[in-house]
Amino acid sequence: MAIPNKQETNTPLYKQELKRSLTFWDLLIYGLVFMVPIAPFGIYGAVAQGSNGMVALAYLIGMIGMIFTALSYARMSEAFPIAGSVYSYAQRGINESAGFIAGWLILLDYIFVPALLYLVSAAALNDIVPEIPLLFWLVIFIGINTVINVLGIEFTAKANKIIVVLELIVLAIFVAVGVAAIIQGVNGAEFTFKPIYDAENFSMGMVMGAVSIAVLSFLGFDAISTLAEESKGGSKAVGKAIIFSLIVVGILFIIQTWVAALIWPDYTTFENADVAFYQIAEIAGGAWLKWLTILATALAWGIADALVAQAAISRILYSMARDRKLPKYLSKIHPKFQTPYTSTIVVAIISLIVTAFFASRIGALASVVNFGALSAFLFLHVSVVVYFLKKQKSKQYFKHLVLPVIGFLIIGYVWINLDPLSKQLGFIWLGIGIIYLVFLKVFKKDTSLDVD
C-alpha cells in the first residue's frame with residue numbers, strides 16, 4: 001500500500017473520511033482544554049518543593065522548552081496535514097520503523113493520560129463524598145466522555161468551549177482573591193521576584209528536576225495535530241493553534257503559581273504537598289475557595305482534559321490501524337457521526353481497566369506519561385531535520401536545523417531528569433514495542449508502507 005508524499009503529487013495522502021468542521025479557534029480551545037488552564041492546582045506542591053520555591057521559573061522554562069517542540073509540530077503538520085501526530089511525522093520524516101516507535105511511545109502518553117485524569121478526579125470527588133465508591137465516578141466520567149466523542153468532534157468542540165470558560169472563571173476568581181490577599185499581607189505575603197528567581201536557592205539541576213514534573217501540565221498541545229484531518233482552516237491552522245495555545249496556557253500557569261507562591265512563601269511547611277494549592281486557596285479566600293478549586297480540578301481533569309485526551313488517542317489508534325500497524329477494527333468510522341467510534345470505545349475500555357489496576361498507585365501511573373511524551377518529542381525533532389534537510393533539500397538551516405536541534409537538546413535534558421521509575425516502566429513499554437515491530441516485519445511483510 002504505497003502512500004505518496006503530498007508535496008510530490010499534490011494529492012491527499014489518504015481518502016478524507018473524518019469530517020472537516022474545526023476552525024482555528026476550535027483547535028486553540030481544544031489545546032487549552034487538553035493542557036487545562038488550572039493544571040498547576042493539582043501538582044503545585046511537588047513543583048514548588050522540587051524548585052525550592054521557584055515554581056513560576058519551572059513553568060517558564062517548561063513553556064520555553066515546549067515552544068521549540070511546538071515549532072517542530074507546526075513544521076510537520078504543515079507538511080503532512082493528517083491524523084496521527086508524531087507517528088505520522090516520524091513515519092514520513094524518517095522512515096516507517098521510526099514512525100512506529102514514535103507512535104508506540106506517544107501511545108504510552110495518550111493511553112495512560114485519560115486513565116490518570118479519570119483516577120485523579122474520581123479520587124478527589126471520593127474524598128469529598130466518601131459514601132460514593134471510586135468506581136462509580138470512574139464509570140460516570142468515562143461514560144460521559146465516550147458518548148460525547150462518539151457523537152462527533154463538533155459536539156466535543158462545543159463542550160470544550162463551555163468547559164474552558166468555566167475553568168478561566170475559576171482561575172480569574174483565584175487570582176483576584178489571591179492578589180487581594182497579597183495586598184493585605186495575608187500569611188505574611190508580599191510581592192517578590194523569588195518565585196521566578198531566587199539567587200540563594202538557585203540550581204539549574206534542581207530547577208530542571210522540577211521542570212520534569214511541571215512539563216506534565218503542558219502535555220496536550222501536541223494533541224491538536226491529531227485533528228489535522230478535521231480542520232477546515234488549512235494546514236497552517238494546526239501549527240498556529242499549537243503555538244498559540246502553548247503560549248497562552250504558559251502565561252496562565254506562571255501567573256497563578258506566582259500568586260500562590262507569594263501567599264505561602266515557605267514551601268517547606270506544606271502539611272501535604274499533594275493538596276498544597278487548595279491549602280493556599282483556603283488561606284487566601286476561605287473554605288469556599290478551597291472547595292471551588294478542588295471541584296474545578298476534579299471536573300477539569302475528569303471531564304474536560306480526559307475528553308480531549310480520549311479524542312486524541314482514538315485518532316492515533318485510528319491512524320495506525322489505517323496503516324495496518326494495529327488491528328483494522330480500530331480504523332472504523334461511524335457512518336453517521338464520521339468519528340473513529342471503535343477506537344474511542346476501546347480507549348474507554350482500556351481506561352477502565354487501567355484505572356482499576358492503578359487505583360492505589362497514581363504516582364506510578366503518572367510517572368510513565370512523561371517518558372512516552374518526551375521520548376516521542378525527540379523523534380519529532382529528528383523528523384524535522386531529516387525530512388526537510390535530507391529529503392526536501394531545504395536550505396533554511398535556522399528553521400529546519402537550528403530550532404529543532406535546540407528543541408531536541410532541551411527535551412533531552414528534561415528527559416534525563418525524569419525519575420528512575422518512569423524510565424524503567426518506559427523502557428519496558430519500548431521493549432514490547434520493538435518486539436511487536438519485529439513481528440510485523442517478519443510475519444506481516446505485506447503490510448509495509450512505502451512512504452519515502
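These legends accompany close-up views of a predicted model.

**View 1. Confidence along the chain.** The protein averages a pLDDT of 82. At least 70 is reached by 87% of the residues. Helix α11 (residues 276-285) has the highest confidence, with a mean of 92. The lowest belongs to helix α1 (residues 6-9), whose mean is 42. Residues 1-12 have pLDDT below 50, and this stretch has 28 contacts in the model beyond near neighbours in sequence. Residues 446-452 also stay under 50. For residues 446-452, the model has 25 contacts beyond four places in sequence.

**View 2. The salt bridge between Glu-96 and Lys-441.** The whole structure holds 2 salt bridges. In this one, Glu-96 pairs with Lys-441, and the closest N and O atoms are 4.0 Å apart. Glu-96 sits in helix α6 (residues 96-128) and Lys-441 in helix α16 (residues 420-443), so the bridge ties together parts that are 345 residues apart in sequence. Glu-96 has a relative accessible area of 12% and is therefore buried, given the cut-off of under 20%. Lys-441 is partly exposed, at 37% relative accessibility.

**View 3. The salt bridge between Glu-282 and Lys-290.** Here the side chains of Glu-282 and Lys-290 meet, with an N to O distance of 3.9 Å. Glu-282 is partly exposed, with a relative accessible area of 34%. Lys-290 counts as partly exposed too, at 23% relative accessibility.

View 4. Most of α11 is covered, with 7 of its 10 residues buried. The buried residues are Ala-276, Phe-277, Tyr-278, Gln-279, Ile-280, Ala-281 and Ala-284. Gly-286 comes after the helix. Its phi is positive, near 105°.

**View 5. The largest cavity.** The structure has 2 cavities of 30 Å³ or more. The largest has a volume of about 140 Å³. Its lining comprises 13 residues. Nearest the centre of this cavity lie Leu-117, Leu-216, Ser-217, Leu-219 and Asp-305. The biggest share comes from α6, with 3 residues. By class, the lining of the largest cavity has 11 nonpolar residues, 1 polar and 1 charged.

**View 6. The second largest cavity.** This cavity has a volume of about 40 Å³. Its lining consists of Ile-61, Gly-62, Gly-65, Met-66, Val-211, Val-215, Ile-410, Ile-411 and Val-414. The most come from α4, with 4 residues. The lining of the second largest cavity has 7 nonpolar residues, 2 polar and no charged.

**View 7. The second largest pocket.** The volume of this pocket is about 280 Å³. It is lined by 19 residues, and the closest to its centre are Thr-192, Lys-194, Pro-195, Ala-261 and Pro-265. Two or more lining residues come from each of α3 (40-50) and α10 (235-263). The lining of the second largest pocket divides into 11 nonpolar, 5 polar and 3 charged residues.

View 8. Val-36 is not a glycine, yet its phi is positive, at about 65°. Val-36 lies in the loop between α2 and α3. With a relative accessible area of 1%, Val-36 is buried. Asn-52, another residue other than glycine, has a positive phi near 55°. Its place is in the loop between α3 and α4. Asn-52 is partly exposed, with a relative accessible area of 24%.

Conventions:
Residues numbered from 1 in each chain as written. Predicted model: local features only at pLDDT ≥ 70, side-chain atom pairs only at ≥ 80, totals over all residues. Heavy atoms only, no water. pLDDT = per-residue confidence, 0-100. Contact = heavy atoms within 4.5 Å. 1 Å grid on protein atoms, 1.4 Å probe; cavity = no way out; pocket = protein on both sides within 12 Å on 5 of 7 lines; lining within 4 Å. Points joined across faces, edges and corners; volume = space filled by probe spheres on them. Nonpolar A, V, L, I, M, F, W, Y, C, P; charged D, E, K, R; others polar. Buried < 20%, exposed > 50% of the residue type's maximum accessible area, 1.4 Å probe, protein only.
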